[in-house]
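The following note sets out numbered points for a colleague to consider alongside the sequence and the model. Please read each point with the structure in view.

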Amino acid sequence: MAEVIFNKLEKVYSNGFKAVHGIDLRIQDGEFMVIVGPSGCAKSTTLRMLAGLETISGGEIRIGSRVVNNLAPKARGIAMVFQNYALYPHMTVRENLAFGLKLSKMPKEQIKTQVEEAARILELEDLLERLPRQLSGGQAQRVAVGRAIVKKPDVFLFDEPLSNLDAKLRASMRIRISDLHKHLKQSGKAATTVYVTHDQTEAMTMGDRICVMKLGHIMQVDTPDNLYHYPKNMFVAGFIGAPEMNIKPGQLVESNGQVSLQIGHSLLTLNAHQQEKVRSYVGKPIFYGIRPEFVTITEAAALSNGGSGELVRVENMGHEFFIYIRVGDVELTSRMPSDEARVMIAKGLNRQIGFAFSMEHCHLFDAATENNITL
Ligand SMILES: Nc1ncnc2c1ncn2[C@@H]1O[C@H](COP(=O)(O)OP(=O)(O)OP(=O)(O)O)[C@@H](O)[C@H]1O
């Protein structure tokens with residue numbers, strides 16, 4: 001079993017800066033966990049502590065049944081893939097793949113078998129005699145992944161492995177790494193994987209679960225679906241999803257026992273569940289959050305579940321458009337299929353149109369704690 005556990009894990013750098021604030025996380029055996037968050041949230045620091053490349057200031061890390069705090073990197077049963085590939089420039093691909101195994105004094109025949117197996121899985125067979133400088137970025141990254149899998153580690157660590165690749169290669173490597181993990185999982189041989197990235201598309205498409213971090217704290221650990229639909233706080237709501245969720249300051253009002261959200265001059269009635277959850281917030285500052293795909297745009301002002309605003313900008317994404325509408329002093333984004341959007345744009349910008357959304361899809365956040373109060 002190679003479950004990975006962080007218990008109250010802390011990092012204070014030598015200059016006194018506290019980068020990781022006592023985080024708890026349990027990664028299951030064979031799970032693909034993505035750690036995601038903006039620059040400086042301490043993703044790399046956390047991964048490097050797990051790898052043994054950075055000392056631990058407090059708490060503990062367990063891999064399987066062992067506390068590894070004081071174990072050297074090579075005694076931890078891990079393999080790591082870095083952003084810059086870190087291949088040995090003077091060695092061929094074959095030698096790069098075999099290097100770690102040679103150091104561990106594995107018999108020659110077994111090294112040959114494991115190198116060829118990794119080369120087959122990653123389609124590197126035709127490149128085995130090349131030097132790293134004779135490889136493209138994507139090929140070099142496949143060698144870096146291959147060098148890690150030949151070791152058959154218990155835990156596989158990735159530190160932003162795709163950030164040096166162009167968008168197309170990134171997408172294909174993303175699928176390749178995911179498929180590799182799924183394939184190994186089916187045969188019961190998947191390493192527990194911790195994958196660090198700042199790219200939320202990678203996080204959403206690759207992770208069994210995702211750990212969202214901010215400034216050395218964990219904001220939420222959940223499946224991609226749950227993070228998207230049930231974000232626990234404003235940070236997660238705003239970080240996951242592109243284009244971003246509309247998150248705007250709002251106000252709750254009560255009339256005849258009915259609680260509604262006021263946006264500009266419009267009142268949107270909350271559903272029964274929401275009313276019960278948020279009644280105590282009436283009159284207090286809150287934020288509302290609605291994903292662009294749930295905001296619909298209409299020619300006429302919506303009467304019961306929206307209002308009107310000025311059509312200020314459009315962005316053409318090919319298969320869909322992002323439409324920006326100014327309501328009072330906030331701007332709402334809507335995603336629209338391109339056929340419908342073209343009809344609307346044909347009538348020109350900077351004119352009044354309607355918008356609407358169902359409160360079923362709307363999140364409300366406490367302005368003081370930034371927590372989701374509708375969950
Ligand atoms: N050696 C160090 N001494 C002091 N502070 C450091 C050191 N290394 C990193 N930090 C700080 O710790 C915090 C976390 O850094 P870390 O590199 O782990 O973040 P990250 O989430 O991986 O960011 P990025 O996506 O930019 O790589 C940052 O505020 C960073 O400035």
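1. The UniProt record, an unreviewed entry, lists residues 4–240 as "domain: ABC transporter". UniProt positions are given in the numbering used here, feature names are shortened, and annotations may be inferred rather than shown by experiment. Over residues 4–240 the chain is 36% helix and 25% strand, and the end C-alpha atoms are 25 Å apart. Helices (H or I, at least four residues) and strands (E, at least two) are DSSP runs, numbered from the N terminus.

2. On the basis of the note: this is a predicted model, in which local features need pLDDT of at least 70, side-chain atom pairs count only at pLDDT 80 or more, and totals for chains, interfaces and linings use all residues. Residues are numbered from 1 along each chain as its sequence is written.

3. Helix α2 (residues 93–103) packs with helix α4 (residues 137–149) at an angle of about 30 degrees, and their axes are 8 Å apart. The two helices are therefore roughly parallel. Axes are lines fitted to C-alpha atoms, for helices over the stretch in contact, and angles run from 0 to 180 degrees between N-to-C directions. Angles under 35 degrees count as roughly parallel, over 145 as roughly antiparallel, 65 to 115 as roughly perpendicular and the rest as oblique. The crossing of α2 and α4 is right-handed (a crossing is left-handed if the near helix is turned anticlockwise from the far one by less than a right angle, and right-handed if clockwise). From α2, V93, N96, L97 and G100 meet V143, G146 and R147 of α4; two residues are in contact if their C-beta atoms, placed from the backbone, lie within 7 Å. By class, the contact of α2 with α4 has three nonpolar, three polar and one charged residues.

4. Helix α4 also packs with helix α5 (residues 167–186), at an angle of about 20 degrees and with axes 11 Å apart. This makes α4 roughly parallel to α5. The crossing of α4 and α5 is right-handed. In this contact, α4 contributes G137, G138, Q141 and V145, while α5 contributes L169, M173 and I177.

5. How are α2 and α3 oriented to one another? They pack at an angle of about 135 degrees, with their axes 10 Å apart, which means that α2 is oblique to α3. The residues in contact are R94, L97, A98, L101 and K102 of α2 and I111, Q114, V115, A118 and A119 of α3. This contact has seven nonpolar, one polar and two charged residues.

6. K105, found in the loop between α2 and α3 (108–121), has a positive phi of about 60 degrees although it is not a glycine. A cis peptide bond, with omega about 0 degrees, joins A242 and P243; P243 lies in the loop between α8 (234–239) and β11 (246–255).

Note on methods. Nonpolar A, V, L, I, M, F, W, Y, C, P; charged D, E, K, R; others polar.
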